[in-house]
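Please take me around this structure in the viewer. Tell me what to select at each stop, and what I will find there.

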Amino acid sequence: MDRIVLAEDGLPRTIHGHHALRGIAALTVVAMHWDLMSGLGLPKLQYAVSFWADDAVDLFFLLSGFIFAFVYRIKTLRPNTQRAINWRAFFVARFARIYPVYLVTILFVILLNGVNFWRTGDLVQDLSPSSLVLNIFCI
């Protein structure tokens, strides 16, 4: 059964089981991408995650949406808080949290492609300057 942590005001703050399941789904997606992009072709890893990697992506987004709705619905129920959500502050906070990780991921992909190119002579991803600019600006 999920453990629901309550805040001081008695309203639920988080549901640990959802976060754990979302983490497992995320790690499954990372493992599958790692295997595909590394060019290592690890059969045991492919077998372990490939049969539900597509479903893991769906599960991750489904649980993320639920957690967002849960957290922001609870924020609107708290006493002494503004009921309306400041959407500008929300998107600035999301950008500040996600974009640095996104840039690190792009750098990791570049590094991984370099290793793969050194090993096999092939690029797994398009690393042209125009492709990198489009990815950096999330276009």
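Select asparagine 135 to begin; this residue sits in helix 5. The model on screen is a predicted one. Is asparagine 135 buried, exposed or partly exposed? Its relative accessibility is 33%.

Now show what lies around asparagine 135. Leaving out residues up to four places away in sequence, asparagine 135 touches Tyr102 and Ile106. Asparagine 135 and leucine 103 are 32 residues apart along the chain, and their C-alpha atoms are separated by 9.0 Å.

**The nonpolar patch**

Switch to a surface view. Select Leu103, Val133, Leu134, Ile136, Phe137 and Ile139: together they make a nonpolar surface patch of about 570 Å². Which helix gives the most to this patch? Helix 5, residues 129-136, does, with three residues.

Pick isoleucine 139 next. Isoleucine 139 lies in the segment after helix 5. Its relative accessibility is 74%, and exposed means over 50%, so isoleucine 139 counts as exposed.

**Along helix 4**

Go back to cartoon view and select residues 87-120, which form helix 4. Helix 4 has 34 residues. From its first C-alpha to its last it reaches 47 Å, close to the 50 Å expected at 1.5 Å a residue.

Where does helix 4 kink? Look at isoleucine 98, where there is a kink of about 25°. The kink lies shortly before proline 100.

Colour the buried residues of helix 4: Phe90, Tyr99, Ile106, Leu112, Asn113 and Asn116. One of them, Ile106, was a contact of asparagine 135 at the opening stop.

Move on to phenylalanine 117, also in helix 4. Phenylalanine 117 is partly exposed, with a relative accessible area of 45%. Beyond residues up to four places away in sequence, phenylalanine 117 touches Asp122 and Leu123.

What follows helix 4? Select glycine 121, whose phi is positive, near 85°.

**Over to helix 3**

Select residues 53-77, which are helix 3, and find phenylalanine 68 there. At 30% relative accessibility, phenylalanine 68 counts as partly exposed. Which residues does phenylalanine 68 touch, not counting those up to four places away in sequence? They are Phe90 and Arg94. Phe90 is also among the buried residues of helix 4.

**Helix 1 and its arginine**

Select residues 16-38, which make up helix 1, and pick out arginine 22. Arginine 22 has a relative accessible area of 22% and is partly exposed. Show its contacts, again leaving out residues up to four places away in sequence: Phe60, Leu63, Ser64 and Ile67. Arginine 22 and isoleucine 67 are 45 residues apart in sequence, yet 9.8 Å apart in space, C-alpha to C-alpha.

**Zoom out**

How many helices and strands does the protein have? There are five helices and two strands. Trace the chain from the N terminus, and the elements run β-β-α-α-α-α-α.

Colour by burial. Of the 139 residues, 22% count as buried. The accessible surface comes to about 10,200 Å², and 69% of it belongs to carbon and sulfur atoms.

Among contacts with a separation of 6 or more, 57% come from residues 24 or more positions apart.

Definitions and conventions: Residues numbered from 1 in each chain as written. Predicted model: local features only at pLDDT ≥ 70, side-chain atom pairs only at ≥ 80, totals over all residues. Heavy atoms only, no water. Helix = DSSP H or I, 4+ residues; strand = E, 2+ residues; numbered from the N terminus. Expected span 1.5 Å × (residues − 1). Bend = angle between axes of the 7 residues up to and from the residue. Buried < 20%, exposed > 50% of the residue type's maximum accessible area, 1.4 Å probe, protein only. Contact = heavy atoms within 4.5 Å. Areas by Shrake-Rupley, 256 points an atom, 1.4 Å probe, with all protein chains shown as cover. Patch = residues over 30% accessible without salt bridge, like charges linked within 9 Å, V, L, I, M, F, W, Y side chains within 5 Å. Salt bridge = Lys/Arg side-chain N within 4 Å of Asp/Glu carboxyl O.
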